[in-house]
Amino acid sequence: MDLQNFLAMGGYAGYVWPAYGLTALVLVWNWWAARRSEAEALLNARRRNEYAREARS
Amino acid sequence: MWLWFHKLASPPHAYRLLGRMAPWFGWPALGLILLATWWGLFKAPADYQQGDAFRILYVHAPSAWMSMFTYVVMAVAAAVGLIWRIKLAHAASAACAPIGASFTFLALATGSIWGKPMWGTWWVWDARLTSELLLLFLYLGYMALRASFDDPQRADRASAVLAIVGVINIPIIHFSVKWWTTLHQGASVTKLAKPSIALAMLVPLFIMIAGFQLYFGWAISRRLRGEILRRERNAGWLKEAS
């Protein structure tokens with residue numbers, strides 16, 4: 001099987017590749033959004049702690 | 001048993017445990033998804049009717065499965081939170097929603113892309129497609145409802161009720177292809193009889209489902225940690241953890 005044939009997907013390249021591409025996109029988005037949401041929460045928690053410490057001192 | 005449970009449900013303990021667990025989900029998930037992609041695109045034989053277009057199955061069916069699985073997890077967590085008043089369960093429920101919504105979107109989009117060459121249309125208002133679209137609206141409604149409350153406890157309770165009522169849609173989605181005449185094909189794997197799909201095509205599908213399942217484990221761990229941090233921002237233990 002050569003690359004050309006593989007990429008052509010038996011004539012369904014226009015459907016198969018976008019479906020896989022979209023899946024990759026959604027999985028990567030989820031990965032990024034989950035990490036960002038956690039990092040943001042951690043940053044907020046740290047900031048609050050610093051404020052609290054400054055207010056005490 | 002109860003002591004163990006209380007320890008597990010305590011936010012600081014759960015926060016640390018989730019952090020330790022996440023990579024154990026994440027790396028195997030990545031490996032399995034890559035393996036299944038390669039297997040599904042290269043190794044699996046082309047379908048005798050659909051040719052290579054059937055390969056969309058390997059991303060469509062797992063995302064459709066995850067869209068329903070995530071909803072059930074979300075509804076069960078909401079029920080646990082509502083009945084036993086466990087804050088962590090409400091947090092888990094909230095963490096599920098964006099993940100589930102993204103899988104539902106993916107199932108609808110890949111299904112639409114598959115539908116065009118096979119059915120000749122991107123979309124039909126048949127039972128399976130319509131009930132899956134309703135699932136997407138349930139997720140979005142759930143998130144919108146949460147966001148509309150300032151008080152997290154009231155948001156928890158109101159959204160939990162929505163999540164629990166909406167679970168009725170899950171069996172409707174699953175059996176829609178049986179109860180109504182639809183364009184969508186019937187169940188070929190999730191039924192009691194022998195799967196009506198060749199083993200050579202089935203193996204990559206199961207690998208992909210396992211990969212997606214682990215991926216969900218990773219995503220929920222990360223999102224739940226964020227939820228815990230947001231909810232526990234005034235708690236003493238956070239001062240040491242952050």
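This is a predicted model: local features need pLDDT of at least 70, side-chain atom pairs count only at pLDDT 80 or more; totals for chains, interfaces and linings use all residues.
Biologist: How many cavities of 30 Å³ or more does the structure hold, and how much space lies in the largest cavity?

Modeller: The structure holds 1 cavity of 30 Å³ or more. About 50 Å³ of space lies in the largest cavity.

Biologist: Let's turn to the pockets. How much space lies in the largest pocket, and which residues lie nearest its centre?

Modeller: About 1,100 Å³ of space lies in the largest pocket. Its lining counts 41 residues, and those nearest the centre are B:Leu57, B:His60, B:Ala61, B:His184 and B:Gln185. The elements giving two or more residues to this lining are α3 (57-84), α4, α5, α7 (169-179) and α8 of chain B. By class, the lining of the largest pocket has 26 nonpolar, 12 polar and 3 charged residues.

Biologist: What volume does the second largest pocket have, and which residues are closest to its centre?

Modeller: The second largest pocket has a volume of about 730 Å³. It is lined by 25 residues, and the closest to its centre are B:Arg146, B:Pro152, B:Glu227, B:Arg230 and B:Arg231. Helix α2 (13-56) of chain A gives two or more residues to this lining, as do α4, α5, α6 and α8 of chain B.

Biologist: Which element gives the largest share of the lining of the second largest pocket, and how do the residues divide by class?

Modeller: The largest share, 6 residues, comes from α2(A). The lining of the second largest pocket divides into 12 nonpolar, 3 polar and 10 charged residues.

Biologist: Now for helix pairs. At what angle do the axes of α5(B) and α6(B) cross?

Modeller: Again, the general idea comes before the case. Two packed helices are described by the angle between their axes and the distance between the axes. Here, the axes of α5 (residues 127-147) and α6 (residues 152-166) of chain B cross at roughly 165° and come within 9 Å. Therefore α5(B) and α6(B) are roughly antiparallel to each other. Their crossing is right-handed.

Biologist: Which residues meet between α5(B) and α6(B)?

Modeller: From α5(B) come B:Leu138, B:Gly141, B:Tyr142, B:Leu145 and B:Arg146; they meet B:Ala155, B:Asp156, B:Ala158, B:Ser159, B:Leu162, B:Ala163 and B:Gly166 in α6(B). By class, this contact has 7 nonpolar, 3 polar and 2 charged residues.

Biologist: How do the axes of α2(A) and α2(B) cross?

Modeller: The axes of α2(A) and α2(B), residues 11-43, cross at roughly 170° and come within 13 Å. That makes α2(A) roughly antiparallel to α2(B). In this pair, A:Val16, A:Trp17, A:Tyr20, A:Leu27 and A:Leu42 in α2(A) meet B:Tyr15, B:Ile33, B:Thr37 and B:Leu41 in α2(B). The residues of that contact divide into 8 nonpolar, 1 polar and no charged.

Note on methods: Residues are numbered from 1 along each chain as its sequence is written. Chains are lettered from A and ligands numbered from 1 in the order in which they are written. Side-chain values use heavy atoms; hydrogens and water are left out. Axes are lines fitted to C-alpha atoms, for helices over the stretch in contact, and angles run from 0 to 180 degrees between N-to-C directions. Helices (H or I, at least four residues) and strands (E, at least two) are DSSP runs, numbered from the N terminus. Angles under 35 degrees count as roughly parallel, over 145 as roughly antiparallel, 65 to 115 as roughly perpendicular and the rest as oblique. A crossing is left-handed if the near helix is turned anticlockwise from the far one by less than a right angle, and right-handed if clockwise. Contact means heavy atoms within 4.5 Å. Ala, Val, Leu, Ile, Met, Phe, Trp, Tyr, Cys and Pro count as nonpolar, Asp, Glu, Lys and Arg as charged, and the others, Gly among them, as polar. On a 1 Å grid over the protein atoms alone, a cavity is a set of points where a 1.4 Å probe fits but cannot get out, and a pocket is an open set with protein on both sides within 12 Å along at least five of seven lines; lining residues have an atom within 4 Å of a point. Grid points are joined across faces, edges and corners, and a volume is the space filled by probe spheres set on the points.
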